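Reader: I am new to this structure and would like to learn how its features are read. Could you take me through them one at a time?

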Amino acid sequence: MEAWNNPMSAPFFSFVIKVIGIWIIFFVILKLIYIKYKDQFDIDGFLERRNLSVQLFYIGFSTTRLNSMIKSISSGRYERFWYYWFKIGSWVSLSLLPLSVGLLIYNLFIIFIKPTGIEPVISPIVPGVNVKGSDSWYLIISVLVSMIIHELGHAIASYVSKCEINSIGFFFLFIMPGASVNLDYSELDKINLWQKLRIQCGGVWHNVVLCIIGYLLLSSSSFLLSPLYKISNDKLYITGIPNGSLLERNLNIGDQILSINDCKINNRSDLVECIYKELDRTRSYCISPNTITCLENVFNNNNNNNITNVNLSNVNNNNSKKINLINQIDNGKRLRDCFGVNDATTLVECVPVSIDFPSECAKSKKECINFNQFNYHIFHLNILSQDFDNIEQLSFLGTAQELWDSFIVNNYQSRFLFLNGWDLPWYFNQFFSYLIPVSAGLAAFNAIAIPYMDGEHILETILSILFLKFGGSGNDKKNSPNNKTNNKMKINNSNNNNNNNNNINNSNGGKESSSSTFPVLSKKEKRERLKLIISKVIKISTIVLFGLTVILSFYNLKYQR
């Protein structure tokens, strides 16, 4: 339970417009500086020397300083290890191709059919929509780490195959960082197809390995962090108190929550369940006339939402007129100010009755008001204090959302006081919870034939290998041991063909052949044309599948809000 309010309340388009506005302002300022000072300073030369590129929505730079380090890692005593490493990786990456395509088809099926209890496997990660603002850093760092590891796979595989790389680049595109490797394509064309395939699959393979490592670390987080934290399955500790929390003065990090309203709590799921149990109950309390007047004034003065003439007593006695008033208040603090500091502990619960049979509140000249109509509840928390090692009861008056936002809880407690302000297990779990799906998505989408992705080049290389295996000729077999024999056969065949052509020309009396207007394709040309057709069919089909997945995933995300 992240929130009782809509967790995706931040509008996506508003977020995008803000980012676009910031980029435009930033770009215009840089452009004005460039126009004003370009004659005084060699700005173009500076950008070229630093390999910097600044465009609208894009900032990037490249460097060759990392080349020697990567080359040293790739060669020497580790070279044999890397050879088998990327050999295994190429086969793993190839196996991902049908799996990724199948995943796209399955995801489209789930979106169209909408079976009960089954969610789509692929969902866009959009800051401000299904990623909270506080989690955006986890997403950005996860993307950067995944792309660096991905490009490192290409770079190391290239050096292992004796191909140099020109440079390594880093960039920031719109809101996401990234990395790239500028390969030397002149050397890439000199190596055989299997070496080229290992280079192209190196990025996908490294993303797969990153997912596996991330999953293992996430699964063993309890063991890894046990020297720093006491981890329990049946105790729920307060690990954080946000600034401005309504319970900031009443709780301490390390306190244990035992129960809420006599509902026992062992973990976060129990906490959510206990709060929901209280939400399902209808409770009324004796309220003084002054408090009622204050509440009604808050509702009636909320002109922004056009609420007028709210009478809590009338609403209380007519279920059909109950409305969710608290969600229509701009400033929840004004509603809270109507209650006294001790009301959470002193308010008397009552049962609403008719006018003819007044409740027990009438004895103290109060009215029995149903708190559910404005989402207010009284939560009695039993807290085991870390400082005094005794059980204290804490009463909270407010909404369930306000209670949830007042503290952060987990099933661990720091062993050292200096760690109380650092919720390391939470940071650890949040980071890998983003890193694993981001790296998996990068691997899956780079395995399929999408333009400008690795899959496009992988497909071309696979088709070349297959056509070479099943009857290739020409330059594809330049490294074959039978090359000399093949060359001799080619010379003999060409001589025979010339003789045959001369005989045909003589028999036709020098006239042009009627078939000359329809040139006959050689076997090699036919294979190349067939390979081109197969490549285009696969690419177009993949693009359609990928495009539908992206469009419908955003459409599905919109209607989940």
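Reader: By class, how many nonpolar, polar and charged residues does the lining of the second largest cavity have?

Author: This is a predicted model, in which local features need pLDDT of at least 70 and side-chain atom pairs count only at pLDDT 80 or more, while totals for chains, interfaces and linings use all residues. Residues are numbered from 1 along each chain as its sequence is written, and side-chain values use heavy atoms, with hydrogens and water left out. A cavity is a set of points, on a 1 Å grid over the protein atoms alone, where a 1.4 Å probe fits but cannot get out, and its lining residues have an atom within 4 Å of a point. Ala, Val, Leu, Ile, Met, Phe, Trp, Tyr, Cys and Pro count as nonpolar, Asp, Glu, Lys and Arg as charged, and the others, Gly among them, as polar. Here the lining has six nonpolar, five polar and one charged residues, including Tyr229, Trp422 and Asp423.

Reader: Which strand supplies the largest share of that lining?

Author: Strands (E, at least two residues) and helices (H or I, at least four) are DSSP runs, numbered from the N terminus. The largest share, three residues, comes from β15, and β6 (237–240) and β15 (412–414) each supply at least two residues.

Reader: In what order do the four strands of the open sheet run?

Author: Strands of a sheet pair through backbone hydrogen bonds, either parallel or antiparallel. Two strands count as paired if DSSP finds at least two bridges between them. In this model the order is β1-β2-β3-β4, with antiparallel pairing, and the edge strands, β1 (52–55) and β4 (176–183), each pair on one side only. Between β2 (residues 58–63) and β3 (residues 165–173) there are six bridges, and isoleucine 59 has phenylalanine 172 of β3 as its bridge partner.

Reader: Which strands of the sheet does α5 touch?

Author: Contact means heavy atoms within 4.5 Å, and angles run from 0 to 180 degrees between N-to-C directions, with axes fitted to C-alpha atoms, for helices over the stretch in contact. Helix α5 packs on the sheet, touching β3 and β4, and its direction makes about 5 degrees with that of β4.

Conventions
On a 1 Å grid over the protein atoms alone, a cavity is a set of points where a 1.4 Å probe fits but cannot get out, and a pocket is an open set with protein on both sides within 12 Å along at least five of seven lines; lining residues have an atom within 4 Å of a point.
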